[in-house]
Amino acid sequence: MNAIQRPPVAAIAWPGQQDSVTRVPGRVFVDADIYALEQERIFRGPVWNFVGLEAELPKPGDYKTVQVADTPVIVSRDTDGSIHAWLNRCAHRNAKICLDKQGNTDSFYCVYHQWAYDLTGRLTAVPFARGIGGQGGMPADFDMDAIRPKKLRVANFCGVLFVSFSDDTPPIEDYLGPHVARFMRRIFHRPIKILGHQHQHMRGNWKLYAENPRDGYHASLLHLFFATFGLFRASQKGQLHVTEDGLQTCFYTYVGKEDEAARRQGMQEAAHTYQEGTYKLEDGNLLKGRMEWDDGINLVIIDVFPIMMLQQIANVLNIRQFEPHGPDGVTVHYTFFGYADEDQELTDMRLKQINLIGPAGLVSMEDGLAIEIVQQGIARDGGAEAIIEMGGKTVAPDTTFMASEDPVRGFWNGYRRLMDM
């Protein structure tokens, strides 16, 4: 009877068709109560949250700390090689236990009162548990084995690590769906090596960034470099897949397969972006690369709800985690990788091509701007509405054209279902 009661979030009159989202109310990007509810129903709900790559924890005792939205988490490798994830929150007075981003250790302790934990999150020591000089200490029925930070479910798919707070989350491969699972296996088909990390903070809601890689419509319009140098154009042959629940997306395009009439139309309708002949590269080695697969696919984008994106663009391989900071902030953590057995020439190609991606990337820098100018546009007007009808009003599971917002509609259908809106 003394439990804290959460005030209900005021009902949202969601515009557009009720069976498939074609409008998005601006309020979901600015409302603090909605953001708080997302912590419970999405990030700590029946989803798999990406937290890292197994290659980041190669040795027993290796660990990393991450944020799953507002919740701090430790991911660690035990002495037997197993991976564990648990809340980075002391069972005593709720202080963060580990303050470092990554490292190697045989145990953790909370700096506040030095309660100690092993690599699985099990409580192993409590200073002065029996008091001092026979006085004080913990009560006789204090059971260290029964007290520990919350342990999370861990899924390891092809060396990609996910955690879930919920017992109701389906097995990871079922959650990913067949197309996402297939292309993750394609990319992680042999051991990888980490090439580096980048981090980018944007003043925009995390859902704006989650929409962005699902939106093939913008890619050949916003990104001058993409279109001008042929890395991606809406006129290229490609395929787009959305899972039945709308949460996961996979799309890809083929190098050198482009309809000429569609290309000319694209150059005409997007004249601000198609700048062939206007710009050239002083160092053509930026785009020097190899075809690493025999399927002819040079661009793959995978989105795993809620906070992961995986990308192959030419020889650049990177995976991203989105870290929300309230309704109007998000940090994107990029991890770039190659293959452990590749030759140095290919690694050097990847490192040069990484200039396309990241906070100042020749392609990706515009995405950060787009997120912020959308947030600015709705910051004082939560009654604004976004129109997402490109390609139709429903969600086609398989599409062969890129000028489509099917994955964006799928995202919002899934979001509404999880949020019970």
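Visitor: How much space lies in the largest cavity?

Guide: A cavity is a set of points where a probe fits but cannot get out. In this predicted model, the largest cavity holds about 180 Å³ of space. The count of cavities of 30 Å³ or more comes to one.

Visitor: Which residues are the closest to the centre of the largest cavity?

Guide: The lining is made up of 20 residues, and H223, F226, I301, Q311 and D367 are the closest to the centre. By class, the lining divides into 11 nonpolar, six polar and three charged residues.

Visitor: Which helices or strands each supply at least two residues of that lining?

Guide: They are α5 (216-222), β15 (297-304) and β16 (308-313). The largest share comes from α5, with three residues.

Visitor: Why is β15 described as largely enclosed by the rest of the structure?

Guide: A residue counts as buried when its relative accessible area is under 20%. Eight of the eight residues of β15 are buried, so this strand is largely enclosed by the rest of the structure.

Visitor: How many bridges join β15 to β16, and in what direction do the two run?

Guide: The two strands run antiparallel, and six bridges join them. One of the residues to look at is I302, whose bridge partner in β16 is L310. Together β15 and β16 form a hairpin, with three residues between them.

Visitor: Where do the side chains point in a regular strand?

Guide: In a regular strand they alternate between the two faces of the sheet. With that general idea in mind, look again at β15 and β16, each of which supplies at least two residues of the lining of the largest cavity.

Conventions: Residues are numbered from 1 along each chain as its sequence is written. This is a predicted model: local features need pLDDT of at least 70, side-chain atom pairs count only at pLDDT 80 or more; totals for chains, interfaces and linings use all residues. Side-chain values use heavy atoms; hydrogens and water are left out. On a 1 Å grid over the protein atoms alone, a cavity is a set of points where a 1.4 Å probe fits but cannot get out, and a pocket is an open set with protein on both sides within 12 Å along at least five of seven lines; lining residues have an atom within 4 Å of a point. Grid points are joined across faces, edges and corners, and a volume is the space filled by probe spheres set on the points. Helices (H or I, at least four residues) and strands (E, at least two) are DSSP runs, numbered from the N terminus. Ala, Val, Leu, Ile, Met, Phe, Trp, Tyr, Cys and Pro count as nonpolar, Asp, Glu, Lys and Arg as charged, and the others, Gly among them, as polar. Buried means under 20% relative accessible area, exposed over 50%, partly exposed in between (1.4 Å probe, protein chains only). Two strands pair if DSSP finds at least two bridges between them.
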